[in-house]
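Here is a short briefing for a first look at this structure. Keep the sequence and the 3D view open while reading.

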Amino acid sequence: MTRPALLRSVVTGTGSALPVRRVSNAELAEQVDTTDAWIVERTGIRFRHIAGDGETTATLAADASRAALAAAGIDATEIDLIVLATATPDQTFPSSATKVQALLGIPDCVAFDVAAVCSGFLYAVQVADSMLRTGIHKRALVIGAETFSRILDWEDRATCVLFGDGAGAIVLEGQQSDDRPTARGILATRLHADGRHNDLLYVDGGPSTTGTVGKLRMKGREVFRHAVVNLAAVLEETLELAGLTSADVDWVVPHQANSRILDATARKLGLPAEKVVVTVDQHANTSAASVPLALDVAVRDGRIKPGQLVVLEAMGGGFTWGAAVLRY
Ligand code: UT7
């Protein structure tokens with residue numbers, strides 16, 4: 001029987017970038033009333049990178065993109081779509097995606113930002129996947145990039161120890177495929193939002209309210225509770241959409257907010273901890289950058305191999321949450 005031909009979005013390259021300055025828990029403990037022991041026990045975080053002068057969301061995004069383009073073996077000018085997920089753009093407008101376009105020297109393409117905070121990369125993946133599968137666009141850069149250090153209240157120990165800066169990027173290419181679950185590419189995506197929870201995780205400013213950028217505020221314990229429930233549910237839902245189960249999964253690449261959330265979600269799905277990619281200890285929570293950063297780490301250290309089934313998932317402010325199932 002001949003299988004119907006269809007277009008799939010295939011990951012052909014990954015890349016990431018981190019600011020030069022790496023800050024330990026001990027260094028933070030000199031500035032706020034905290035300890036290395038509390039941070040490690042409650043979150044799993046040991047280090048985070050903090051952007052310095054000249055390092056911005058767009059410059060980190062461009063560096064991550066250059067690495068992804070090199071891994072894909074293509075020139076930046078072959079990109080016709082840039083979707084950049086961020087909650088910390090260089091400017092309110094224009095989009096940081098257009099800044100990345102200029103930094104990469106791409107004379108013309110479609111470029112825009114998406115705002116879904118920590119699940120922004122999952123939103124960007126679904127948007128880019130939909131656009132590639134129309135055939136109108138051929139090759140996309142899908143990026144998650146953040147400089148949360150610039151919106152943290154450095155006197156609030158309950159939040160400032162949790163976040164870091166960084167960027168991750170993938171090259172996503174529309175390729176002829178078929179409906180077999182063994183085919184390479186994105187097999188299913190699923191997104192959700194529930195705007196009733198704005199007050200649990202938000203920034204207390206914005207262009208249209210205060211005319212300022214604002215600082216991050218979070219009721220951590222409540223966010224934690226929602227995260228475990230929502231992430232396990234959306235992972236099951238997305239695997240089912242792809243006609244697969246958790247037994248088929250080779251790797252989970254989760255949003256890196258807290259190692260206890262990663263453990264609890266894996267347990268709920270019956271997935272062994274060895275299949276979960278963990279970078280929260282090294283990067284802390286980099287919001288939209290965390291999933292593509294962790295993906296790039298696991299691709300480059302040889303854990304994720306071509307043909308393996310990889311599940312991405314994230315949850316964040318809004319709330320927004322989502323997952324993607326892909327064969328790498
Ligand atoms: O990326 C978007 C999604 N975000 C998340 O998923 C974050 C979800 N939440 C979490 O990861 C956790 O809730 C936190 C790590 C934020 C907090 O952990 P927790 O176990 O829920 O702690 P808590 O907020 O209930 O605070 C426990 C205690 C409090 O003291 P009391 O009231 O029990 O005396 C806090 O004041 O820990 C205290 N505390 C700290 N102590 C030392 C809070 N922050 C710190 C700190 N150092 N940095």
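R217 and D153 form a salt bridge, and their closest N and O atoms are 2.9 Å apart. The model is predicted. Across the interface of domain 1 and domain 2, the rule finds one salt bridge.

**The two domains**

- The protein chain splits into domain 1, residues 6–177, and domain 2, residues 185–327.
- Domain 1 puts 54 residues into the contact, and domain 2 puts in 50 residues.
- Between the C-alpha centres of domain 1 and domain 2 lie 14 Å.

**The area between them**

- The size of an interface is often given as the accessible area lost when the parts come together.
- Here, domain 1 and domain 2 bury about 3900 Å² between them.
- Carbon and sulfur atoms carry 62% of that buried area.
- Which three residues supply more than any other three of the area that domain 1 buries against domain 2? They are C118, L122 and I151, with 16% of that area.

- Several elements each supply at least two residues of the side of domain 1 that touches domain 2.
- Among them are the helices α2 (36–43), α3 (57–72) and α5 (120–133).
- The strands β1 (6–17), β3 (47–50), β6 (139–147) and β7 (165–177) are also on that list.
- By class, this side of domain 1 has 25 nonpolar residues, 17 polar residues and twelve charged residues.

**T43, in helix α2**

- T43 sits in helix α2.
- Is T43 buried or exposed? T43 has a relative accessible area of 2%, so T43 is buried; the cut-off for buried is under 20%.
- The T43 side chain reaches the backbone nitrogen of I45 at 3.0 Å.
- Apart from neighbours within four places in sequence, T43 is in contact with L162, N258, S259 and V280.

**L84, in strand β4**

- L84 belongs to strand β4, residues 81–85.
- L84 counts as buried because its relative accessibility is 0%.
- Which residues does L84 contact, leaving aside neighbours within four places in sequence? They are A61, S96, A97, V100, F112, D113, V114 and I143.
- L84 and G211 are 127 residues apart along the chain, and 24 Å separates their C-alpha atoms.

Conventions: Residues numbered from 1 in each chain as written. Predicted model: local features only at pLDDT ≥ 70, side-chain atom pairs only at ≥ 80, totals over all residues. Heavy atoms only, no water. Domains from an automatic or database assignment. Contact = heavy atoms within 4.5 Å. Buried area = accessible area lost by both parts, 1.4 Å probe. Salt bridge = Lys/Arg side-chain N within 4 Å of Asp/Glu carboxyl O. Helix = DSSP H or I, 4+ residues; strand = E, 2+ residues; numbered from the N terminus. Nonpolar A, V, L, I, M, F, W, Y, C, P; charged D, E, K, R; others polar. Buried < 20%, exposed > 50% of the residue type's maximum accessible area, 1.4 Å probe, protein only. Polar contact = N/O pair within 3.5 Å; in protein donor to acceptor, adjacent residues only side chain to side chain.
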